[in-house]
Amino acid sequence: MDREAPTAGTAPPRAFGVDTPRAFGATPALAQWFAVKAEQPDALIFFRMGDFYEMFFEDAELGSEALSIAMSFRGEHQGQPVPMCGVPHHSHEAYLARLIRRGFRVAICDQLETPEQAKARRASIIARGIVRVVTPGTVTEDSLLEAFRPAWLLALVEGGAAWLDVTSGAFETEAGADIPALLARLEPAEVIATDGLWPDATPATPPRDAPARLAAAFGVSTLEGFGSFSAPEIAAAAMVLDYVRATQNGALPHLMRPVPRGTAGVLAMDAATRRSLELLRNERGDTRSTLLHAVDRTLTGAGARELAARIAAPLAERAAIAARHDAVSHLSAQPDLRARLRAALKGAPDMARALARLSLDRFAPRDLAALRDGLARADAMAQALCPPLPHLLAPEALRPQNSPAAELARALAETLPARLEDGGVVAPGYDGELDALRRLRDDARGAIAAMQMELAQAWGVASLKIRHHQQMGYLAEMPAAAGEKLLRDPPKLAGEYAPQHRQTMSSTLRFTCGALADLDRKLNAAAEQAASRERAIAQHLRKLCLAAAPGITAAAAAMAAIDVHAAAAELGWTRPEMTDGVDFTITQGRHPVVEEALRRARGPAFVPNDSELSAGSRVCLLTGPNMAGKSTYLRQNALMLVLAQAGLFVPAEYARIGVADRLFSRVGASDDLAGGRSTFMVEMTETAAILNQAGPRSFVILDEVGRGTATWDGLAIAWAVLEALHDRLRARTLFATHFHELTALAGKLPELRLATMRVREWKGQVVFLHSVGVGAAERSWGVHVARLAGVPRTVLARAEAVLAALEARARQGGGALSDELPLFTPRKPEPEHPVLDALAEIDPDALSPRDAQEALYRLRALLDGSRAS
């Protein structure tokens, strides 16, 4: 069917439930459009008309601009031309992806019947209706998804949150969530929230009967078997399920049971820490130059998503961390086993996402093949895993019960089409009836020849020919003499082969019979019957897969986990020794991201460094010039903690790490223009979060606290923050600073140790060694760094002169700068001055002009005499 225009007409829109002034007088097609637009006023409507999805009115204007396609005008409505643009339905996904990325919601309004069916029920127009609403958090098509990133749909209510991934079935909740931290951790594709709770979220409302609706969705009468949920968690979970139902035309994808995550057992990190450490995204917003990018050696999309989830939410329980380390150790020690597993993983399909499309009945033949091939690879991996094994490598989950793998292998053709409608999904020999229909469809000439031979033998007419006629279909023709003989003396045949005279011509007679009429019907209907039979078989296979969905989901998760463990073993790093204490000892540690960047650029080798923040030396005060590597060293140690508690190995010769409950990072500075906050305000807000939340099991890295304000204000703040971290919070802390005066605290704070970035000066040039040594920096080398940055020579020369003067004044213990801070340079008592005494005796109101002049001369003489002495 070609593009259908909204032809003129006066059919009343009330038949479609529309009774608005704007819809009055609409054609039947436009009346349907108004009806569905009323259902989804905030979405663009993809309105199926023949071979195109059309957009009308404001939708056409928005769609034309967003997709860079031409907008035309077709027909009129209320005396005005109708704006219209469209995209081909067979390639609409590419356009849909562009709209979703631009932030649009798109409602798919499809044809619910064929033109023949509409004609059969004597309808003037094809029935149409919304079959789904596509939003960023509910897409399932591979072309709209990132293979290596989950598509979380996050629901927020006051005091609770729930998030699910319709593409994998994962479903989790949390009570009392820190919303900014949760958003930074999940990076959701879409957020829905109760009114006013979070800006830019889609407004939503929890259902009144939230517990009952949530339980009914999983076919249980109570949620007690799933875990302990707070009322806000249940409200958020029910709200997100209702939202998915609304977008999927009442259907729900296959979902795992909701898991109440909370914050227990997970390393807590706020949004500022995640942004500072660039775990999943860098400051430019992409995934390059991040921790994930540096360590990712996974081979599957599911494995990459699992690795990202582990880095985003490291564990905080030593037993669970050790279990992951055991799996990585086992694969590190057995390279042959690791190679076999990775060979099976390479190119493995994404079973979780294929299962999601099957559950929504929005699948392609290749989704069935994904389960067939994925289960086959899972079985190969299970065969490779021989005991003894760590329990996270146990092969049982790779072999789901009631697996449809064997049936899928028998049923599916080796090469599959992109769409079910294209045919060729089912393998020959799987279904006898389908094979017969296909033979009839594909070999009509052979079927006719066979029928011709059968009738010639049965009727005794060797000259019989079967021919097709436009009006009468297939008929058996024979010469007039043979035909007249057949009429006079018909063979005694009963049933479908009994001849029936249809037409007499001048030289031929035409006959039919039940078998020939049946062949005629079969040939005409064979293609449709074959397609219908194939669809029925595909639905049968889909039901088999859905019946085994829990086992398939478990197998997909096990494959993803093994992919992560094997990828971690590929890095060749060191297993950290995890403790429940406050240990932190790193020998020859390296920054994973910087080292990877240097390797790819074929640059110099990364300079490794040690770190010691265990009991007795919990706080390290790090000094040194800019460009020497202070920030790199700080982040390096924080990333060591993240990697270790994520269950991965660390880039170091040795690591002993006590499990932390919270990680704080304040490295780097920027303002918040949208929020009206200066750089210093942002810095102080982040520092306040650390001072209010850190504890003895926390790990803190701080860079240049106080640098955003006046020198002595900043020094005073840094001094107080360092004392609080040491005395009150007792957190393991790396504290980098340019305030060299803080080094005086080394004699006052017993667990504070000094470290510095080593620098050498050679022939007037600064050489940064990028290594950490004991002690404090001798100078800041700021002018040298300015020279490296290309500051003009005249400015550098003036800066060096000013610096020399200031240093000379400081050595003499005088000058305005040394007088401004009483912490280190005690203020000397100033002697009384004769000029001041004489000035104090003068009463200005009692002086005449001549007396004032004389007093001024006297004061000047006293001043000159004081200077002379």
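Guide: In this predicted model, helix H6 spans residues 210–217, and its buried residues are Ala210, Leu214 and Ala215. These three lie on the same side of H6, because the arc they cover around the axis is only 125°. The cover over the buried residues of H6 includes strand S9 and helix H7, the latter formed by residues 231–247. After H6 comes glycine 219, with a positive phi near 65°.

S9 belongs to an open sheet of 6 strands with mixed pairing, in the order S11-S10-S7-S8-S9-S12. The edges of this sheet are S11 (202–203) and S12 (259–260), each of which pairs on one side only. S9 itself, residues 171–175, runs parallel to S12 and is joined to it by 2 bridges. Within this pairing, threonine 173 has proline 260 of S12 as its bridge partner.

Strand S21, residues 619–623, is largely enclosed by the rest of the structure, because 5 of its 5 residues are buried. Val619, Leu621 and Thr623 point one way from S21, whereas Cys620 and Leu622 point the other way; all are buried. S21 has parallel partners in two strands: S25 (residues 732–736), over 4 bridges, and S26 (residues 752–762), over 5 bridges. Particular residue pairs can be located in each case. Leucine 621 is opposite phenylalanine 735 in S25, and valine 619 has leucine 752 of S26 as its bridge partner. Leu621 and Val619 are among the residues that point one way from S21.

The structure contains 1 cavity of 30 Å³ or more, and the largest cavity holds about 80 Å³ of space. Its lining consists of Thr300, Ala302, Leu345, Ala348, Pro349, Asp350, Met351, Ala556, Met559 and Ala560. Sorted by class, this lining comprises 8 nonpolar, 1 polar and 1 charged residues. Helix H20, residues 549–570, supplies the largest share of the lining, namely 3 residues.

Notes: Residues are numbered from 1 along each chain as its sequence is written. This is a predicted model: local features need pLDDT of at least 70, side-chain atom pairs count only at pLDDT 80 or more; totals for chains, interfaces and linings use all residues. Side-chain values use heavy atoms; hydrogens and water are left out. On a 1 Å grid over the protein atoms alone, a cavity is a set of points where a 1.4 Å probe fits but cannot get out, and a pocket is an open set with protein on both sides within 12 Å along at least five of seven lines; lining residues have an atom within 4 Å of a point. Grid points are joined across faces, edges and corners, and a volume is the space filled by probe spheres set on the points. Ala, Val, Leu, Ile, Met, Phe, Trp, Tyr, Cys and Pro count as nonpolar, Asp, Glu, Lys and Arg as charged, and the others, Gly among them, as polar. Two strands pair if DSSP finds at least two bridges between them. Buried means under 20% relative accessible area, exposed over 50%, partly exposed in between (1.4 Å probe, protein chains only). The arc is that of the directions from the helix axis to the C-beta atoms. Contact means heavy atoms within 4.5 Å.
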